[in-house]
Amino acid sequence: MGSVVDWMPSGAKVAAVYDRKAQNECPAIVFYERNGLERSMFSINEQVNATVEFLKWNCSSDLLAAIVRCDNYDCVKTWYFSNNHWYLKSEFRYPRHDGVRFVWNLTRPLQLICWTLSGQITSYNFIWNSAVMDDSTALVIDDTKILVTPLSLCLMPPPMYLFSLKFTSVVRDFAFYSKNSKNCLAAFLSDGCLCVVELPATDTWEDLEGKEFPVEASSSDSPFGSVLHLIWLDPHKILAVSHHGFSHSNYLSQSSLGEEDLGFYLQEIELSCSEDHVPGLLTCSGFNAKVSSRNSLEETITGIAPNPASKGSAFVQFDGGKVYEYVPKLGISRGASKHDWSFSSTYPWMSVVVVGDSVSSKPLLFGLDDSCRLQVSRKIICNNCSSFSFYSNLADQVITHLILVTKQDLLFVVEISDVLQKELEIKHENFIHAGKKKREENRNFINIWERGAKVVGVIHGDEAAVLLQPSRGNLECIYPRKLVLASICNALVQRRFRDALLMVRRQRIDFNVLVDYCGWQVFLQSAVEFVKQVNNLSHMTEFVCAIKNEDTTETLYKEFISLPSPKEAKDVQSHDSKGSDSNNKVSSVLLAIRKALEDQLPETPARELCILTTLARSEPPAINEALERIKAIREAELSGSSDERRMSYPSAEEALKHLLWLSDSESIFEAALGLYDLNLAAMVALNSQRDPKEFLLFFKNWKKCPKL
């Protein structure tokens, strides 16, 4: 154990360096409790003769930085602890003769200040970006690896992963592109190399489980400098912000640049691959990177984001909050523009989403600053936002909901239409929780059960899940009622009745939503298609049993469903449905379902029981019609018929027991007597567990009556 030690500012642990040359291993960092007991340790993953010169915690005790001296360079490494694992998140390399040193800012935990013997001072301002991409794929940087997990297939918290990508040196930054089943990843390494990987379609990733794929650096004729920001413009072009002139950027380029070449640059990098992509496999080599355009920058860029509404363009944010659109080959458009995209100040977290509909859509910029202010269209919509994400239930990825978490650990699901129409103050009261209000009035937010949890992503579409990460590092998946109902309503509008029914069953939503959202008169016109798509008599029986004379969109789910019925639905509602009671929702819906069952599905015992359910659940119950069907089955049994149609019906006793389970036995007994069929009435009495003393004498007296 050497003399390089540092106390954690919180006082919980002490970090020290353990020299393991005797074991022919590289140094390790060991953590001790205050009583001197060893708590844990991890290796720095360098050469055996590497030494750790300096070690320091940041002021919030969650980042640990060290100066590591290697054979050819010195580097500043930064680790982060989460879910019982230490991640190497950044590495900056310097020439050995620079004698690099660093110190953490005493008040800003994410600011690292480095200086060299030549007098060059560099300030690194880190920000935490979610590792969950727009397509719900988690990409986590850990030293020379990127851990890949498709959360839509398996909810696996890091450091666990589905498969990993192994690079030649530490990953400093990466960008991910996913569109039209094409998945590409570009990573910038601490040694100055740019690596590109083309991945197969996400639905084939299960075959890659547990594997590690080595990635080769792409070939290039010119240096990239020190890359600060990196995004994809299209599958063959990358936009990067780089700097030439720092000690570490000079080391990366390993070339002498003139003074006129120093500074910040915005450069386009075109990619080409000499290898053919094999479906189902990764392409990790054969890429060539060429700088096709390089524009000098006079101001510092604090963030870039692709523009999903315009192919190949991006938004660039400068220090101070000014935002301009970047167009390939034209550069940054600083002239007069129809839209003012700028923020009121610097917003490090910038996201661009598409809002509107498939016909007319536009980009919308959201920004979050260090003071937890969330801004959109130059208006601050939340003053205490800790994290945010977006949800889309449409195939074209048009955003429909904003999900945000406040500093009070409350999760809000906000419709984008409310953001555009500026109705947030009315509906969400500036996202401030009044603790004295009744619980019934606070249905527009969810209490998060762990302090400090942040939303890291969502699973779009029918899944409608929100991914939360508490401070200890695990992942939690929740299904907000508002998102679930939005996905169900979207499926109904698209006439995907089977998907809507499965979502209702899985999320325990009232089945009446399937009927009420577009109006039950509209549903009558779609009953045949509904039965065709569902094609499951067990699910149909559940649906039939749940129908009631109540509009759940106006009662139970009034606070969650605010979308109006489609215009087409209103047009259909103006016409009365043929053969239905215009004032009785239950009877009309069940009649339409019954007719569809008889017309669309083959004769089976399960179908007959489902038809009996529709009769028993009608208002008023159609007991007489149900008993007539049971009587026909019983007569077929007594006739001894053995045709195939007889086998497609249940036994009379089974059908009667099913009817007795659904309706009042006394009503069924009286209805059986009303049919003047004493044998059927006797079956009802026997199967309803009535006392024989009550009905035997009664039946004897009836039998003595003369026939008319």
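In helix H11, the residues Lys585, Val586, Ser587, Ser588, Val589, Leu590, Ala592, Ile593, Arg594, Ala596 and Leu597 are buried. The model is predicted. H11 covers residues 585-600. At 1.5 Å a residue, its 16 residues should span 22 Å. The end C-alpha atoms are 22 Å apart, which agrees. Several helices cover the buried residues of H11, among them helix H6 (513-516), helix H7 (520-525), helix H8 (527-534) and helix H9 (537-546). H12 and H13 also belong to this cover.

H12 and H13 also meet each other. Helix H12 spans residues 605-616 and helix H13 residues 623-638. Their axes come within 9 Å and cross at roughly 155°. An angle over 145 degrees counts as roughly antiparallel, and H12 and H13 are therefore roughly antiparallel to each other. On the H12 side, the contact is made by Glu608, Ile611, Leu612 and Leu615. On the H13 side, Glu625, Ala626, Arg629, Ile630 and Ile633 take part. By class, this contact has six nonpolar and three charged residues, and no polar ones. The loop between H12 and H13 holds Pro620. A cis peptide bond joins Glu619 to Pro620, with omega at about -5°.

Of its 708 residues, 52% count as buried. Contacts between residues at least 6 apart in sequence were also examined; 52% of them join residues at least 24 apart.

Charged pairs come next. Side chains of opposite charge can pair when their charged atoms come close. The structure holds 25 salt bridges. One of them pairs the side chains of Glu91 and Lys77, at 2.3 Å from N to O. Glu91 lies in strand E8 (residues 85-94) and Lys77 in strand E7 (residues 74-82), so the pair ties together parts that are 14 residues apart in sequence. Glu91 is buried, with a relative accessible area of 0%. Lys77 is buried too, at 1% relative accessibility.

Another salt bridge links Lys237 and Glu268, whose closest N and O atoms are 3.6 Å apart. Lys237 belongs to strand E20 (residues 237-244) and Glu268 to strand E21 (residues 263-273), so this pair ties together parts that are 31 residues apart in sequence. Lys237 has a relative accessible area of 12% and is buried. Glu268 is buried as well, at 2%.

A further salt bridge joins the side chains of Glu653 and Lys657, with an N to O distance of 3.5 Å. Both residues lie in helix H15 (residues 652-662). They are four residues apart, about one turn of the helix. Glu653 is partly exposed, with a relative accessible area of 41%. Lys657 is also partly exposed, at 44%. Elsewhere, salt bridges that share partners join Glu46, Lys77, Glu91 and Arg93 into one network.

Loops supply the remaining features. Ala131 sits in the loop between strand E11 (121-125) and strand E12 (137-142). At 26% relative accessibility, Ala131 counts as partly exposed. Neighbours within four places in sequence aside, Ala131 is in contact with Thr137, Ala138, Leu139 and Val140. Ala131 and Ile141 are ten residues apart in sequence. Their C-alpha atoms are 8.4 Å apart in space.

Backbone geometry stands out at a few sites. Most residues other than glycine have a negative phi, and most peptide bonds are trans. Pro158 and Pro159 are joined by a cis peptide bond, with omega at about 15°. Pro159 is found in the loop between strand E13 (145-150) and strand E14 (163-166). Asn180 has a positive phi, near 55°, and is not a glycine. Asn180 lies in the loop between strand E15 (171-179) and strand E16 (182-189). Asn180 is exposed, with a relative accessible area of 71%. Ala464 has a positive phi of about 50°, although it is not a glycine. The loop between strand E35 (454-459) and strand E36 (465-469) holds Ala464. At 0% relative accessibility, Ala464 counts as buried.

Definitions and conventions: Residues numbered from 1 in each chain as written. Predicted model: local features only at pLDDT ≥ 70, side-chain atom pairs only at ≥ 80, totals over all residues. Heavy atoms only, no water. Axes fitted to C-alpha atoms, helices over the stretch in contact; angles between N-to-C directions. Helix = DSSP H or I, 4+ residues; strand = E, 2+ residues; numbered from the N terminus. Parallel < 35°, antiparallel > 145°, perpendicular 65-115°, else oblique. Contact = heavy atoms within 4.5 Å. Nonpolar A, V, L, I, M, F, W, Y, C, P; charged D, E, K, R; others polar. Salt bridge = Lys/Arg side-chain N within 4 Å of Asp/Glu carboxyl O. Buried < 20%, exposed > 50% of the residue type's maximum accessible area, 1.4 Å probe, protein only. Expected span 1.5 Å × (residues − 1).
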